[in-house]
Amino acid sequence: MTRYSRHIILPEIGEQGQDKINQAKVLVVGAGGLGCPVLQYLTAAGVGTIGIIDFDAVELSNLQRQVLFGASVLGKNKAIAAKERLQDLNSEVSIKTYPEALTHQNAIKLFQKYDIIIDGSDNFETRYLVNDACILTNKPLVFGAIYKFEGQVSVFNYKNGPSYRCVFPSPPKKDAVPNCADMGVIGVLPGIIGNMQANEVLKIILDLGSVLSGRILYYNALTAKTSTLKIRRNETAIQMVLTAGYQFQNKTINISCPSNDKTIAIADIDFDENIQFIDVREHHEQPKVLGLPVTQLPLSQFQNGLKSIEPNKKKILFCQSGIRSQKALNILIQHNINNVFSLKEGANALNIYIKETQKTLHHDN
Amino acid sequence: MLITIKYFGQIAEVTQKNEEQIETSASHISELLDALNQKYKELKNKDFQIAQNQELVATETKLSGAEIALLPPFSGG
């Protein structure tokens with residue numbers, strides 16, 4: 001117990017409180033900017049069981065804020081990479097990884113295994129899914145979200161308190177609020193908001209202080225001001241989720257995150273890497289790309305051809321101008337296929353580049 | 001009456017300020033919103049909730065408070 005001695009000497013926690021922490025089971029949805037600090041501090045605190053669900057892979061642009069990761073895990077699934085770091089931090093914690101997307105099909109079963117759910121996701125579709133699944137499984141939800149220099153924190157569905165839908169009844173109009181990696185964010189902000197979430201988790205476990213339920217906190221990193229607004233439970237909003245519960249598992253989640261991180265320019269391609277180039281143009285379109293192996297997978301038949309995607313290779317999709325390849329990329333992301341990029345330029349530019357450099361490819365077929 | 005209006009996130013980007021004081025004769029929140037929509041044309045395309053004196057309220061609510069806040073949802077993580 002030396003590890004937790006600074007907790008135990010606090011009269012508000014003591015050995016009893018530390019026991020509660022050691023027995024708690026929490027699930028973190030998303031091991032990104034918010035998930036990383038949450039995971040780091042809850043693992044350090046000795047939370048008994050921690051589940052991590054994330055389908056995404058670590059990218060270089062994540063390292064500015066996702067503090068569990070380093071250069072050695074680029075391309076690796078975030079849940080798995082996080083576990084490796086966290087087990088070194090505290091091997092007494094049982095860490096379960098789910099390297100997959102949260103869906104209406106897997107959420108209920110997964111949430112039932114945990115006491116507290118923490119939302120560190122980066123899109124509204126997942127946030128509403130998490131909220132509704134928490135209502136259906138009656139689990140408290142520790143919510144955090146960020147926008148550029150500002151953050152929101154609240155605890156929903158806690159002891160009959162309000163849910164996310166009591167504040168924001170339905171998702172905003174498509175594209176009204178930028179999702180995912182569309183926007184910049186100052187790196188320390190998710191650290192601040194994520195740590196506020198971790199603090200609320202410990203308060204819930206320890207039944208300590210006043211949990212941030214019935215209130216939503218806004219934090220502005222530029223002004224260092226916080227505003228805490230009172231929110232009320234909206235029985236109608238919650239009943240709607242409960243009555244629609246029987247068809248919950250038939251719903252599908254459609255996360256479309258056209259992330260700039262996933263666009264690659266020809267100049268940034270390392271042709272010595274093991275890459276599968278995929279042409280998403282229709283079969284008749286010219287010019288064909290010569291001088292390197294290309295998988296033909298026209299966008300019109302894309303969904304049926306996913307079997308030809310090679311899981312262990314980096315995948316670069318291209319078309320004529322980079323628009324259809326972006327659509328194809330979104331399809332692959334929805335199917336949880338990682339390590340995939342959309343070529344910024346098109347087939348023409350790729351041909352010219354190959355001709356000029358006479359690059360030969362490493363190809364293991 | 002003189003009220004303080006606070007803006008957050010995307011809303012503050014539309015209004016180009018975090019906070020302002022305005023003189024209004026509006027009797028309900030909805031009336032105040034009409035005035036703000038006039039002043040900031042982009043506002044009608046934004047999603048937000050409204051708090052009066054640090055408490056979330058519906059637009060039909062009577063304007064009684066000294067402080068109004070326009071609260072957008074954030075999705076980032």
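These legends describe close-up views of a predicted model.

Residues are numbered from 1 along each chain as its sequence is written, with chains lettered from A and ligands numbered from 1 in the order in which they are written. Because the model is predicted, local features need pLDDT of at least 70 and side-chain atom pairs count only at pLDDT 80 or more, while totals for chains, interfaces and linings use all residues.

**View 1. Confidence in the model.** The model scores ipTM 0.94 and pTM 0.77. Chain B has a mean pLDDT of 95. In chain B, 100% of the residues reach 70 or more. Here pLDDT is the predictor's confidence in each residue, from 0 to 100.

**View 2. Chain A against chain B.** The contact joins 33 residues of chain A to 21 residues of chain B. Two residues are in contact if their C-beta atoms, placed from the backbone, lie within 7 Å. On the chain A side, α6 (124-137), β5 (141-147), β6 (150-156) and β8 (225-230) each supply at least two residues. β8(A) gives the most, with four residues. Helices (H or I, at least four residues) and strands (E, at least two) are DSSP runs, numbered from the N terminus. By class, the side of chain A that touches chain B has 16 nonpolar, eleven polar and six charged residues. Ala, Val, Leu, Ile, Met, Phe, Trp, Tyr, Cys and Pro count as nonpolar, Asp, Glu, Lys and Arg as charged, and the others, Gly among them, as polar.

**View 3. Helix α3 on helix α8 in chain A.** Helices α3 (residues 35-45) and α8 (residues 188-206) of chain A pack at an angle of about 40°. Their axes are 7 Å apart. Axes are lines fitted to C-alpha atoms, for helices over the stretch in contact, and angles run from 0 to 180 degrees between N-to-C directions. The angle makes α3(A) oblique to α8(A). Angles under 35 degrees count as roughly parallel, over 145 as roughly antiparallel, 65 to 115 as roughly perpendicular and the rest as oblique. The crossing of α3(A) past α8(A) is right-handed. A crossing is left-handed if the near helix is turned anticlockwise from the far one by less than a right angle, and right-handed if clockwise. From α3(A), the contact residues include C36(A), Y41(A) and A45(A). Those of α8(A) include P190(A), G194(A) and L202(A). The contact of α3(A) with α8(A) has ten nonpolar, four polar and no charged residues.

**View 4. Helix α3 on helix α4 in chain A.** α3(A) also packs with helix α4 (residues 78-89) of chain A, at an angle of about 30°. The axes of α3(A) and α4(A) are 9 Å apart. The two helices, α3(A) and α4(A), are therefore roughly parallel to each other. α3(A) passes α4(A) in a right-handed crossing. L39(A), T43(A) and A44(A) of α3(A) meet A82(A), L86(A) and L89(A) of α4(A). Five of the contact residues are nonpolar, one is polar and none is charged.

**View 5. Two backbone details in chain A.** The peptide bond from Q286(A) to P287(A) is cis, with omega near -5°. P287(A) sits in the loop between β10 (275-279) and β11 (294-296) of chain A. K148(A) is not a glycine, yet has a positive phi of about 55°. K148(A) lies in the loop between β5 and β6 of chain A.
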